[in-house]
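Here is a short report for a first look. Open the structure and follow along, heading by heading.

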Amino acid sequence: MEIIFDKVDKNFGVINALKDISFEINQGEFVFIVGHSGAGKSTILKLILNQLKASNGKITIDGVDLSHGTKDEIDQIRRKIGVIFQDYQLIMDKSVEENIALILDIVSYPKDKIQSKIDEVIKQVNLNNRRFLFPSQLSGGELQRAALARALAIEPEVILADEPTGNLDPENAWNLVKLLKDINEKNNTTIIMTTHNYEIVESLNKRKIEIKDGQIVDSGSKDSSKKHIHSKKHERN
Amino acid sequence: MSAIKTTWHHLRRSPFQSLIALLVMVFSFFVISIFIIINSGLSQVLVYFETKPEITLFLKDGLDQTAVDNIQKELASYENIKQIKFISKDKALEIYKEENKNNPMLTEMVTASILPASLEVTVSDPKTLEKIYQNYATRTDVIDEIIYQKDIINSLLDWTSAIRKTGIIFIVIVGLIGFFTISTIIGMKITNRKEEIKISRLLGASNFYVKKPFLFEGAFYGICGGFIGSLLSFIIALIFRSSINSFFQPVVFIDTNLGFYGLVLLSEIFFGSFIGLLASWIGVKRYIKF
């Protein structure tokens, strides 16, 4: 799945959240979108999901121009994307297992294979003893893993992860990132992850798109994050 | 997770709203079934009178036998005449006494002279009765009074028509109450589950996918309402059957024809599912816009 942003603007009233954003992400890439809070990282993910519409410019996913795509085309694209929302977006009155079953039903996963798929992803994110609990009964880390399990269940072409490490302790944050890296390498799944954790970005040495005040300041190198972390260290010293 | 499972989940998550919607539909269909049963009974009464084609011509006092014979001949010339029976004054007294034999007060003072002689005409086609009536109604020189089922039928028709009109108005009102109750309750449920619908849409659920459980829910209320409402009305009809039927004797006002009740039940289930689907579809159209 190819994702292309071509001179995209997003305005919220008089506020320009994104200005002249252009980049291209190819299948199988692992891309960090970095920037400070309010820089516009989550807005990019919402535009990819067509949760928000671009004010100007063109977003093309899998050859479909999102501003002109039919509802069916948009639904089809969404079914190929696994999402880990910043606030998890799990359905509160469904158990972890039911949340996963829901997305499998949405993508018309074969009914006789749903239970084995649930078992597989729950094991993958290590939530076996929490599968029948409701989101309100889970900790932040468990919620994040439940959201990841839901995203993984559909064997997506792309995973969008919006600040997935934001609410996790360092150990769980690393585990999650490692898991995403494995999925990327094993399944050739595109991972687009927003974060402001430069240490994670540097350690993985993957492509990085840096956003500042709604504009791209760096759209591509794998090691540019290192420079950033060094400059941060200098600032602290 | 199938849509039916989701529908069941919705029903269980807001049991009181579900119960209200169901009760309103049960009440609506109970009223509709009762009306159908009453209407069927009234039709039986009408059929009974319509299939007893008789007319009685009361003769003026003082007619000689020739005049009576002439009237009888005239009557015999009509088509579809089955029988013409002359009831003399003496015979009329005899009948009167027989009918009131348990009440001597009524028979003591009555003599044959105060009772009119009459001709009772039975026909095979009720239309002939109307022709006879039209002809003899103006013959005041020989006919004193005419009584035939038309009066009773007309009176019954008036009553039946009034009951039917009132029933239809009542059905429309309870139908509308049921319709808007389902529509509003589905709307409330959608509002309660707005977040879930939004998440499902972001995960790639089609518009129809998120609407389907609510449509099923509306149909569920309609089908169950139709089924339970009909059954309740049948039970009530069976309980009161003997007393109502004895009042309308010899007409069988409440029948035990299983085919009739089966047809009513199926029609109401079908109609209920239609109303429920339509109401929930309107609710869904109004509240799901993303």
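## Chain A overall

Among contacts in chain A between residues at least 6 apart in sequence, what percentage join residues at least 24 apart? The figure is 68%. Keep in mind that this is a predicted model.

Chain A contains eight helices and ten strands. Its C-alpha trace spans about 50 × 50 × 35 Å along the principal axes. The radius of gyration of chain A is 18 Å, which agrees with the value near 18 Å for a compact globule of 237 residues. Of those 237 residues, 43% count as buried.

Start with A:G38. This residue sits in the loop between β3 (30-34) and α1 (41-48) of chain A. Is A:G38 buried or exposed? A:G38 is exposed, because 12 other C-beta atoms lie within 10 Å, and a residue with 12 or fewer counts as exposed.

Now compare positions along the chain and in space. A:G38 and A:E120 are 82 residues apart in sequence. From C-alpha to C-alpha, A:G38 and A:E120 are 36 Å apart.

## Helix α1(A)

How many of the eight residues of α1(A) are buried? Seven are, and the helix is mostly covered. The buried residues are A:K41, A:S42, A:T43, A:I44, A:L45, A:L47 and A:I48.

Look just past the end of α1(A). There A:N50 takes a positive phi of about 65°.

## Where chain B touches chain A

Move on to the second chain. Twelve residues of chain B are in contact with 17 residues of chain A. Two helices of chain B, α8 (194-202) and α9 (207-247), each supply at least two residues of the side that touches chain A. Which element gives the largest share of that side? It is α8(B), with four residues.

The side of chain B that touches chain A can also be sorted by class. Six of its residues are nonpolar, four are polar and two are charged.

## The domains of chain B

The domain assignment divides chain B into domain 1 and domain 2. Domain 1 of chain B is written in two segments, 3-49 and 154-287. Domain 2 of chain B covers 54-124.

How many Å separate the centres of domain 1 and domain 2 of chain B? Taken over C-alpha atoms, the separation is 54 Å.

Definitions and conventions: Residues are numbered from 1 along each chain as its sequence is written. Chains are lettered from A and ligands numbered from 1 in the order in which they are written. This is a predicted model: local features need pLDDT of at least 70, side-chain atom pairs count only at pLDDT 80 or more; totals for chains, interfaces and linings use all residues. The radius of gyration is taken over C-alpha atoms; the globule rule is 2.2 Å times the number of residues to the power 0.38. A residue is buried if 20 or more other C-beta atoms lie within 10 Å of its own, exposed if 12 or fewer, and partly exposed in between; C-beta atoms are placed from the backbone. Two residues are in contact if their C-beta atoms, placed from the backbone, lie within 7 Å. Ala, Val, Leu, Ile, Met, Phe, Trp, Tyr, Cys and Pro count as nonpolar, Asp, Glu, Lys and Arg as charged, and the others, Gly among them, as polar. Domain bounds come from an automatic or database domain assignment.
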